[in-house]
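Subject: Structure handover

Hello,

Here is the structure you will be taking over. Please open it first; the notes on what was found follow below.

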Amino acid sequence: MLRFSPARAATASVTPPTRATLTFRPLVPGESAIRARARSIGAALLFPLAGFLLLALVWQVASMIAGKDLPGPLATLGVFWHLLSNPFYDKGPNDKGIGLQLISSLGRVGAGFGLASLLAVPVGFLMGASPISRRVLYPVVQVLRPVSPLAWFPIGLAAFRSAGTATIFVIFMTAIWPTLINTAFGVMSLPEDHRNVARVFRFSRTKYVTKVLLPYSLPHIITGLRLSMGVAWMVIVAGEMLAGGMGIGFFVWDSWNALSLERVLSAILLIGIVGLILDRAFDWINQRFAY
Amino acid sequence: MTPFLQLQEVTKIFGTSRGPYVAVNDVSLDIQRGEIVSLIGHSGCGKSTVLNMIAGLERATAGTVCLEGRLITEPGPDRALVFQNYSLLPWMSVWDNIFEAVDSVVTGLSKAEKRERVEHFLQMVGLWQHRFKRPGQISGGMKQRVAVARAFAVHPSVLLLDEPFGSLDALTRASLQEELVKIWSLDNNTETVVMVTHDIEEAILLSDRIAVMTNGPYATIGEVVQVPLDRPRHEREIVANPVYREIHDHLWYLLTEAYAEAA
């Protein structure tokens, strides 16, 4: 029998890593607060910088071994800079600035992710709160969730007759599951004690949902949204490689066809940076609602 | 006259994976209005189960629990429970934790009157200046006072305390015990209190009667001990009282020898 197992849901919901806090005690007695802070910021930047230098080094060595086939970091950064210096030019359908491509991709991710959230949060809430709906819906979720999102692309094409809309549909199918499962798991894991408070003090149904269930599960829901956004941003590149026409994924494929690995690598860098910013944004939202 | 709170031949059986487990067997106890009664026993002897059945969080497998002649079937604000781990809602301020309880329990009061009541009880437990803090920002003793204030603020017929001071340090515990009795006497001693504890000194200090439970399974009330000590009681004075000594030794004997083994 298929049963909703919190353990499996828990592994699906990666708990956000606890923020590594680096604190620096003033080494110099009597050092001013501003100086100590500047030093701690400097040190905090030092370690990531070391990591990137290491990456650049490995990259450089790899490109030296591969010869002309793999451009090195310096050549790539030149092209990267060139792409960023004029991101919004538009010379017809096959030649647009990387900024326009990014905005197009972000728009599709936003649309697919937004629609998915509108469905996943209420359905997840229902599954968490009602055992019957959980027993009905969870097997369906289990069957659909492992499907590669790109498999939905033909269905999207058939339904919408537009590659762009089909891409949004693919993102929609991608972004449903983490949010749905985390929401259901969050609502389900409401501690008995909180429930008992509502029972002893006779909270109305509305008060129970708005003052107990929702605030309790909000961090779980936001974690789900964050994971959904993460996979949506990963899948958009693949989706647009299939769909063509517009977007950062198309840009990657188009650059490959133009035999410019510098542009491909630049796009990879940019995709990573945007992904990081999106993730940070959700982290920031999550901290607002943490209790 | 029927007693205010009456437990009649109450039995609770839990279904476990290894078959039924009789946690509480044939417990009968009558409690009068205004009494403070303690349930004392070894940990795991089922005293919290008895309290939960009075609270209505659990149903008795057999027997009845009645408050003012009415059968208890579900939880309700007439039996406000102070949970063992306080059970404040961590996303709400101290103020909201009390206000939401008052707001949903009390009918026929304006919002302003409800706010007045919350303020009254927050002042009473000395947490007025901490009202905007969340439970995570205050100490264990303060959380406990919020939980007590929340319970008193809904004007329950019975106040149920589940090892209320168990996880506090000795100094905080002593001052809160005193405060509890003070709040109780401010309400003209009309409040009925049922308390679960495993602390003999605490039981004697606070209770009119102490129900001593035997060890589980098949735990039941072995003996009900009267505490004929005058109020107000002060911990440092009553320990010198020969009556206190006598009760203390008797309880000690019951718990360590008479009921040390499973019945």
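**Where the chains meet**

In this predicted model, 15 residues of chain A are in contact with 20 residues of chain B. On the chain A side, α8 (192-200) and α9 (205-243) each supply at least two of the residues that touch chain B. The largest share comes from α8(A), with six residues. Sorted by class, this side of chain A has seven nonpolar, three polar and five charged residues.

**A helix of chain A**

Helix α2 of chain A covers residues 33-66. Its 34 residues, at 1.5 Å a residue, should span 50 Å, and the end C-alpha atoms are 50 Å apart, so the two values agree. How many of the 34 residues of α2(A) are buried? The count is one, and the helix is thus hardly covered. Just after α2(A) comes Gly67(A), which has a positive phi of about 75°.

**A helix pair in chain B**

In chain B, the axes of α2 (residues 94-105) and α3 (residues 111-124) come within 10 Å and cross at roughly 130°. From α2(B), the contact is made by Trp95(B), Ile98(B), Phe99(B), Val102(B) and Asp103(B); α3(B) brings Lys114(B), Arg117(B), Val118(B), Phe121(B) and Leu122(B). By class, this contact has seven nonpolar, no polar and three charged residues.

Regards

Note on methods
Residues numbered from 1 in each chain as written. Chains lettered and ligands numbered in written order. Predicted model: local features only at pLDDT ≥ 70, side-chain atom pairs only at ≥ 80, totals over all residues. Axes fitted to C-alpha atoms, helices over the stretch in contact; angles between N-to-C directions. Helix = DSSP H or I, 4+ residues; strand = E, 2+ residues; numbered from the N terminus. Contact = placed C-beta atoms within 7 Å. Nonpolar A, V, L, I, M, F, W, Y, C, P; charged D, E, K, R; others polar. Expected span 1.5 Å × (residues − 1). Buried ≥ 20, exposed ≤ 12 C-beta atoms within 10 Å, placed from the backbone.
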